[in-house]
Amino acid sequence: MSRRARRPQPPRPAPCPCGLPAAYDDCCGRLHRGQARAATPEQLMRSRYSAFVRQDEAYLLRSWHPDTRPPRVDFDPALRWRGLDVLATTEGSAFHTTGTVEFRAHYTERGHAGELHENSRFVRHDGEWVYVDGDVDA
């Protein structure tokens with residue numbers, strides 16, 4: 001009986017933090033690198049969540065409306081984003097100029113689980129979807 005050596009499997013690409021069943025490089029990574037633009041507010045919101053996970057300040061600021069954009073993004077080193085649930089969307093199609101996304105983002109902070117529940121507002125600005133602001137449930 002002969003033994004066959006197992007071939008090492010190539011490493012699997014990292015999954016996208018946004019929760020869609022795609023690799024990061026093929027999903028939100030394309031938007032973060034500027035190779036694609038968000039087609040809908042939901043896609044932008046998912047890419048912004050991924051940018052928070054990866055602490056991509058440049059992308060977050062680029063995707064924020066200039067009227068509400070902060071000068072910088074402060075990342076809490078004790079906070080780890082753990083998952084995203086999109087609960088509802090309104091408008092945001094190719095025929096709209098506004099849209100909303102209601103979501104719940106799960107995190108841990110210093111070992112304690114928490115969640116952020118927000119209804120975010122998006123508008124088209126210079127032909128691209130951008131985040132304006134959101135209502136957060138405490």
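## Glu118 and its partners

In this predicted model, the side chains of Glu118 and Tyr131 are joined by a polar contact of 2.9 Å. A polar contact of 2.7 Å also links the Glu118 side chain to that of Ser120. Glu118 itself sits in strand 3, which covers residues 112-125.

What about a charged partner? Glu118 is buried but makes no salt bridge. Arg48 has the nearest side chain of opposite charge, and it is 7.2 Å away. Setting aside neighbours within four places in sequence, Glu118 is in contact with Val101, Glu102, Phe103, Tyr131, Asp133, Gly134, Asp135 and Val136.

Now for the greasy parts. In soluble globular proteins, nonpolar side chains tend to be buried together. Here the largest nonpolar core has 19 residues, and Leu44, Met45, Leu84 and Phe122 have the most contacts inside it. At least two residues of this core come from each of helix 2 (41-54), helix 3 (57-62), strand 2 (98-109) and strand 4 (128-137). Helix 2 gives the most, with 4 residues.

Take Leu44: not counting residues up to four places away in sequence, Leu44 touches Ala38, Tyr59, Ser63, Phe122, Trp129, Val130 and Tyr131. Another core, of 5 residues, lies apart from the largest one, and its members include Cys16, Cys18, Tyr24 and Cys28.

## His32 in helix 1

His32 is found in helix 1, residues 28-32. Is His32 buried or exposed? His32 counts as buried because its relative accessibility is 8%, and the cut-off for buried is under 20%. Beyond its neighbours within four places in sequence, His32 is in contact with Tyr24, Ser47, Ser50, Ala51, Asp56, Tyr59 and Arg62.

## Salt bridges

Side chains of opposite charge can pair when their charged atoms come close. How many salt bridges turn up in the whole structure? The search finds 8. One of them pairs Arg33 with Asp25 at 3.4 Å, N to O; Arg33 is partly exposed at 43% relative accessibility, and Asp25 is partly exposed at 48%.

Arg72 and Asp74 meet in a salt bridge at 3.1 Å, N to O, and both residues are exposed. Glu109 forms a salt bridge with Arg110, with the closest N and O atoms 3.5 Å apart. Glu109 is partly exposed at 27% relative accessibility, while Arg110 is exposed at 62%. Arg121, Asp133 and Asp135 are linked in a network of salt bridges.

## The annotated domain

An unreviewed UniProt entry lists residues 40-134 as "domain: YchJ-like middle NTF2-like". Over residues 40-134 the chain is 21% helix and 48% strand, with the end C-alpha atoms 16 Å apart.

Definitions and conventions:
Residues are numbered from 1 along each chain as its sequence is written. This is a predicted model: local features need pLDDT of at least 70, side-chain atom pairs count only at pLDDT 80 or more; totals for chains, interfaces and linings use all residues. Side-chain values use heavy atoms; hydrogens and water are left out. Buried means under 20% relative accessible area, exposed over 50%, partly exposed in between (1.4 Å probe, protein chains only). Lys and Arg count as positive and Asp and Glu as negative; His and the chain ends are not counted. A salt bridge is a side-chain nitrogen of Lys or Arg within 4 Å of a carboxyl oxygen of Asp or Glu. A polar contact is a pair of N or O atoms within 3.5 Å; within protein, one must be able to donate a hydrogen and the other to accept it, and residues adjacent in sequence count only if both atoms are side-chain atoms. Contact means heavy atoms within 4.5 Å. A nonpolar core is a set of buried Ala, Val, Leu, Ile, Met, Phe, Trp, Tyr and Cys residues joined through side-chain atoms within 4.5 Å. UniProt positions are given in the numbering used here, feature names are shortened, and annotations may be inferred rather than shown by experiment.
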